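Please find below a colleague's note on the structure.

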Amino acid sequence: MTMRPRPTGRAGWAATLTALLMTAGLCASAPAASAAPTARPDFRLPFPCGQTWQLQTYLGHDPDDKKLDMYHVDGPTLGATVTASAAGTVTEFFEPGGIEINHGGGWFSVYLHMDRIDVHLGQQVASGEPVGRLGLVGTEEAHLHYEQLYDTNGDNDGETDEMVPPVLQGTEYRLTPDGPFPRVTSTNACDGGGGQPARYWVDTMADATGYPDADCVNDGTPRCAAQGTLRKGTNYVLCRKWGDEVRHGTAYNHWWLLTDLDEVTPGGRGRAYVSAYYLDRWGNDEAKDNDGRDIPACT
């Protein structure tokens, strides 16, 4: 995962360069006019269905009326799951704790201040699909910084000077530092779609290392690099996959569980596989949740 500072845009630099070229007689004409915006995607609040979040801005947000800070009303902000505001492709990582999603047609969205990123570059995501977890990266107060951008210069990148007033769930928000600060309830993936798999709660007996797939035992290639750690305790998993055996003495397990890690190594992915060997309650080659239900297979 390559992190880099949030891009600040190239429009001003390009205009200056064009002027210099024209003065030197090396540019025959001014740049072509920007294309008219295409239809905006159906952007939803970037949080799971039913959650309520307060939208805010502050003096000096630059611009105050286009950048949104979001705070959880009916639950904790720190550690909250961030979801894709609309379907698209993850195209960029940058600091502080940020990603950019390309939604097609020149439209982009930006999410900042996550301490765990659960997607990889080039990954296609559905609206409502989890992309990360809110933390205190680059801020002293947990919140999600959110932007929408339209690619006016046609370079297939969303840049700071291409930011537009955000529209969420059919409403445009042009906030001022004096308020009012609206509270909005998410309708993101409320039809059950959006790539939000069910969670199955399990107890783990020790810290477990997460890997990109279920066939990474004794594979030292970059493909199987450790992604991070799932801490001992009660955790949720999403599904199970048959793979390499993990054995200690007479205890063994071939099942691997897809989950969101507690700690992610630099360059790692937050979502990874851990061995079901670490389940506290079940025996060899079993992968059940705390209620004794078989965890479903990963598709």
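1. Basis of the model. This is a predicted model, in which local features need pLDDT of at least 70 and side-chain atom pairs count only at pLDDT 80 or more, while totals for chains, interfaces and linings use all residues. Residues are numbered from 1 along each chain as its sequence is written, and side-chain values use heavy atoms, with hydrogens and water left out.

2. Strands here are DSSP runs of E of at least two residues, numbered from the N terminus.

3. Surroundings of Leu168. Which residues are in contact with Leu168, leaving aside its neighbours within four places in sequence? With contact taken as heavy atoms within 4.5 Å, they are Phe43, Arg44, Leu45, Leu55, Leu68, Met70, Ser85, Tyr146, Gln148 and Tyr173.

4. Cavity. On a 1 Å grid over the protein atoms alone, a cavity is a set of points where a 1.4 Å probe fits but cannot get out, and its lining residues have an atom within 4 Å of a point. Grid points are joined across faces, edges and corners, and the volume is the space filled by probe spheres set on the points. By this rule there is one cavity of 30 Å³ or more, and the largest cavity has a volume of about 30 Å³. Val202, Thr204, Ala208, Leu230, Val237, Leu257, Val274, Ser275, Tyr278 and Leu279 line the largest cavity. Two or more of the lining residues come from each of β15 (200-204) and β22 (271-275). By class the lining has eight nonpolar, two polar and no charged residues; Ala, Val, Leu, Ile, Met, Phe, Trp, Tyr, Cys and Pro count as nonpolar, Asp, Glu, Lys and Arg as charged, and the others, Gly among them, as polar.

5. Gln54. Gln54 lies in strand β1 and is buried, at 16% relative accessible area. Although 128 residues separate Gln54 from Pro182 in sequence, their C-alpha atoms are 5.7 Å apart. Beyond residues up to four places away in sequence, Gln54 touches Asp69, Met70, Tyr71, Val73, Phe181, Pro182 and Arg183.

6. Salt bridges. The structure holds 16 salt bridges, each defined as a side-chain nitrogen of Lys or Arg within 4 Å of a carboxyl oxygen of Asp or Glu. One of them pairs Arg174 with Glu172, the closest N and O atoms being 2.6 Å apart; Arg174 is partly exposed at 48%, and Glu172 is partly exposed at 42%. Another joins Asp215 to Arg223 at 3.3 Å between the closest N and O atoms, with Asp215 partly exposed at 36% and Arg223 partly exposed at 43%. In a further pair, Arg293 and Asp291 have their closest N and O atoms 3.8 Å apart; Arg293 is partly exposed at 45%, whereas Asp291 is exposed at 64%. Salt bridges that share partners also link Arg116, Asp118, Asp260 and Arg271 into one network.

7. Backbone geometry. Most residues other than glycine have a negative phi, and most peptide bonds are trans. The peptide bond from Asp62 to Pro63 is cis, with omega near 0°, and Pro63 lies in the loop between β1 and β2. The bond from Glu95 to Pro96 is cis, with omega near 0°, and Pro96 lies in the loop between β4 and β5. His113, in the loop between β6 and β7, has a positive phi near 80° and is buried at 6% relative accessibility. Asn218 has a positive phi near 65°; Asn218 sits in the loop between β16 (208-210) and β17 (228-230) and is exposed, with a relative accessible area of 80%.

Terms used:
Buried means under 20% relative accessible area, exposed over 50%, partly exposed in between (1.4 Å probe, protein chains only). On a 1 Å grid over the protein atoms alone, a cavity is a set of points where a 1.4 Å probe fits but cannot get out, and a pocket is an open set with protein on both sides within 12 Å along at least five of seven lines; lining residues have an atom within 4 Å of a point. Helices (H or I, at least four residues) and strands (E, at least two) are DSSP runs, numbered from the N terminus.
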